[in-house]
Amino acid sequence: MSGIEIEGLNVWFGEYEERVDAVKSANLSVPKGGSFGLVGESGSGKSTILRAIMGLAPTWSGKIDILGRAVEKPRSRDFYRAVQMVFQDPYASLHPRHSVDQVLSETLSLHGFSDIDKRISQLLDDVGLGPSFRFRYPHQLSGGQRQRVAIARALAPEPKILLLDEPTSALDVSVQAEILNLLTDLRAEHKLTYLMVSHDLAVVGHICQDIAVMQLGEIVETLSVEDMRAMKTTHHYTKHLLESSLQSAAG
Amino acid sequence: MSLSDTPKAGLRAWLLTDTPTSRRHARAASLYQAWLSLKGNHMAMLGLGILIFLVVIAALASVLAPSDPFIQDLSLRLTPPIWQADRDPGIEGYILGSDSLGRDILSRLLYGSRITLYIVTLVALMAPIVGLLVGTIAGYTGGWIDIILMRITDIFLAFPRLILALAFVATLGAGIENAVLAISLTAWPPYARIARAETLTIRNSDYIHAVRLQGAGPMRIITKHIWPLCISSLVVRVTLDMAGIILAAAGLGFLGLGAQPPSPEWGAMISEGRKFILDHWWVATMPGLAIFTVSLAFNLLGDGLRDVLDPKDGSQ
Amino acid sequence: MSKLLEVENLWVKFPTRNGVFDAVRGVSFSLGQERLGIVGESGSGKSMTGRAILRLIRPPGMVEADKLALEGEDLMGRSEKEMRKVRGQQISMIMQDPKFSLNPVMRVGKQIMEAYRLHYKVSKKEAKKKAMAMLEAVAIRDPERVYRMFPHEVSGGMGQRIMIAMMLIPDPKIMIADEPTSALDVSVQMQVLEIMDKLVKDRGMGLIFISHDLNLVSSFCDRVLIMYAGRVVETLPADKLHEAQHPYTRGLLNSLPRLDAPCERLEVLKRDPAWAIEESVSG
C-alpha cells in the first residue's frame, strides 16, 4: 500500500492577476514505510507541498491520497493522528510561553489519550531528552533540544507518516548529526513513513531512499539516491545542484 | 559558556534554576525572573511604590483622615494650607487647607483615592477584556467577521472620547458607575486594534500551525495560545492608558457628569476649586497634584512592564 | 608578510543575573594580507570576536584585550568617534542577511554612494561614477538599472553582492565577513564567494571569514581558527583541515553526512568538558 500518493497537485496563492503558482502539477508517490526527499532551492515550492498535504495551504487542486484514502477538506482529527509534521525552525515552532510539559500534555489530550503522564515520560525518552526537561520553557532549551521537543510533539499521536520540513537547517552540524540519527532510529522503531524537504542534498541522501528535485514549482526529476550518488541524472538542473553541493563539500 | 558561579541562597537558587522539577516550580521560577527584571528598573519601582501607597491610603482612609470629608464648616471656608497659615494664624487641623464649604482637603483627597481606585479597577476589568475578545476573534477568524468587528471598532474610534462618554452619561444619567461604563465603552477600541494586530502576526507562526495540526479548534487556539501572548502587551498598554482614564474620569467629574457632589472625587474637586483658582490656589491644585502623581506612577510602571513583558524583546 | 591586525588575549564579557558570562575568552591571532577563517558552532563566540574587533559590542557587554592593533596602531584606546572612522574606512563588515543590512527605503545606488561620501569628500557625480564602477566589479550586469532599484527588488545573491560593493567602496584594509553566504542557495553561494575572493585578492586586503561551515571555509580560506566555547582550540592551514588533530575539529568533520560516502548512522560529537578549559591556541 502506498503511504502518500500525490497526482497533479497544484498550489497557488492569491487570485486572478495576483495569482502565484507555487506548485505546478506535481506527482509523487511514497510507499508505506518508505522515505522520500524533496530537494530544491528556496522558493522552489518544496515546503508548499508539505503544507498542502497538512491542510495549511489555502488553495490547491489535484489528488492527495494518504494511506490509500483521499484527504478530507478540512482535515479530520483522524488524519492528524496518522500524519504529523516537524517544522524547520525549532525557535519558531514552540509556543514561547508553554513549557515542554504543557506542549506535550495538550497534544496528548487533544488526541484523546488518558495516560498522559506515562506517555510524556515515554515520549521524552524516545527523543533522548529525559525527565529533567519536562518542565522547562523553550528559552531554557538549546536549538537541538527544542527540535527534539518538536519531534516528540509530532510523535505524540503515534502517526504513521511524518513530514519533515528542513528539520536540521537551523541547527549546528554536530546537532544535525544527532537529530538525523534520532530520525533514523525513530523510523526503524515506529515503522514511520518520511517525506522530507531539504536544500541539502547530503542530508536528504542520508535519510531518504528516493528523491524528487524541484525547480520553480515543478518536479523536474525523480530518482533513487543510488542514482544520485552515481550522478546518473537526466536533468541538467539536478546535475547543477549536485555539482554545486559537491563543490562546496569537497573543499 | 562559562558562568562563573556565585554563591546563592537556597530559595533564590531554587527560583533561578534552569531545570525546574514540577509545574508549580516552573511557574514560580518564571514569575520570579520577571520580577527580577522589573526590580532592576528603578523608575518602574518608583511607580509601583506610589501605587501601593495609593492602595494603602485608600484602605486606611478612615483611619488616616484627620476629619470627616463631608463635614462643612462655613466659618473656616477657604483656609490656606498649614505652611501658609501664618497669614491667617490660629487655625489648626487643615494640613492642605479647606475648600469653599470648609471641608478638609486632605481628608477629601484620602477618601477620593478610593473612588479613583474604583474607577481604575472597573475600567481595567472591562475595556481590555472586551478589546481582547473582539480583537483576537477578528484577527484569528478573518473574513467577514473581521470586517464587521473592525468596522464597529472604527466607528467607536472615530468619536472623540470625551464627547462619546458625555453622550453615554447624558442618556444613562450622571453618576460614578455610568462614568466608568462610559469610559470603558470608549476605551476598548484601541485594545481591540492591538489585540488584532498581535493576533495577525501570531496566527501564521509555526507554533500555531503545529497546534492546528493536532486538531485544535479555533476557540482553544484563541484562548490558550493567542491570549497568553496578547495579554502582556495589553497589560502594558492598559497601565500606560490608566493615566488617561483617570484624567477622563476627572474630566467627567469636572464637567459635573461623573461623581456627584458631595463625593470627594478628584476631578469634581478641581471643578469646584476652579471658581477660586486666582485667590485660593490650593483648592484646585491639591487634587490636581494627586491626579498628576497617580498618572505619573501608572506611566512609569507601564514603561517598566513593557521592558519585562513585551514578547518582542523576549525573555531570552 | 606585514601584520594588518593583531589581537592578543581578547575577552568579551556580559554581566548576567547569574554572574559574568564570557562569550570570548582570551583569543589571540594576527592577520596579514590573507584570508583567515573562523569556524565554530553557534555560541562559540566567533561572531562576537568579529564584532569585538570593531568594538561593536554594546554595553553592558565589555571588550578587553592586551592588544588590539590595526597596522600597529592601538584600537582599544580609541574613542567612539574615532572608532567610527575606522569602521567602514579601514575595517568593514558584511553580515549574514543583506535584507537586514540594507536600508529598505533608500535606492541601492544612493546607499553605495553615501557609503563612499561618508569617508571621502567628493562631488556627487564622482561618487556615482565610483559606485557604478563598484557595482560592475561585483559582477552586476546592468549596474545602471540596479543603481535605481530598492533593496526589496533584488534577489538574495544580488543583495549580498551589493553589500560587498558597499563595504568595499571606501577601500578598507580589512573585511570581516560574518556568515556572508548562509542565507543564500548553494548555487549562488559559490558565485558570491568568488567575487569576494577576487576583490580581496586584487586589493591586497585582509579577510576574516566567519562561518559555521568547515568545508566552505577550508575551500575558501588560507588559514582556519576553530573556536569552541569562546576559545580557539586549533589553528590550521586550510588545506590541512582534514588532517586536524583536535577531537572537536575531527568530530565536526565526521558528523557531516556525505553524498559520496553513505553510512547508516552519523558519528556524533562527544563533547569533552576539558575542551572548554584548555588554553586558547594563538593563531
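1. Strand β8 of chain A, residues 193–198, is mostly covered in this predicted model. Six of its six residues are buried. Thr193(A), Leu195(A) and Val197(A) point one way from the strand. Tyr194(A), Met196(A) and Ser198(A) point the other way. Both sets are buried. In a regular strand, side chains alternate between the two faces of the sheet.

2. Which strands does β8(A) pair with? One is β3(A), residues 35–39, which runs parallel to β8(A) and is joined to it by five bridges. Another is β7(A), residues 161–165, also parallel and also joined to β8(A) by five bridges. From β7(A) the chain passes through helix α6(A), residues 173–190, to reach β8(A). This β-α-β crossover is right-handed.

3. Chain A also holds an open sheet of four strands. Its order is β2-β1-β4-β5, and the pairing is antiparallel. The edge strands are β2(A), residues 20–31, and β5(A), residues 69–70. Each of these pairs on one side only.

4. Now the β5(A) end of that sheet. Strand β4(A), residues 59–66, pairs with β5(A) in the antiparallel sense over two bridges. Asp65(A) stands opposite Ala70(A) of β5(A).

5. What lies across β1(A), β2(A) and β4(A)? Helix α1(A), residues 46–54, does. Strand β1(A) spans residues 2–13. The helix runs at about 75 degrees to β2(A).

6. Next, the contact between chains A and C. On the chain C side, 27 residues are in contact with 25 residues of chain A. Three helices of chain C each supply at least two residues of the side that touches chain A: α8 (186–202), α9 (214–220) and α10 (247–254). By class, that side of chain C has 12 nonpolar, nine polar and six charged residues.

7. How many helices and strands does chain B have? Its secondary structure comes to 12 helices and one strand. Chain B has 316 residues, of which 39% count as buried. Its C-alpha atoms fill a box of roughly 75 × 60 × 25 Å along the principal axes.

8. A last point on chain B concerns sequence separation. Take its contacts with a separation of 6 or more. Residues 24 or more positions apart account for 70% of them.

Note on methods: Residues numbered from 1 in each chain as written. Chains lettered and ligands numbered in written order. Predicted model: local features only at pLDDT ≥ 70, side-chain atom pairs only at ≥ 80, totals over all residues. Pairing = 2+ DSSP bridges. Contact = placed C-beta atoms within 7 Å. Axes fitted to C-alpha atoms, helices over the stretch in contact; angles between N-to-C directions. Nonpolar A, V, L, I, M, F, W, Y, C, P; charged D, E, K, R; others polar. Buried ≥ 20, exposed ≤ 12 C-beta atoms within 10 Å, placed from the backbone. Right-handed = clockwise from strand over helix to strand, strands pointing away.
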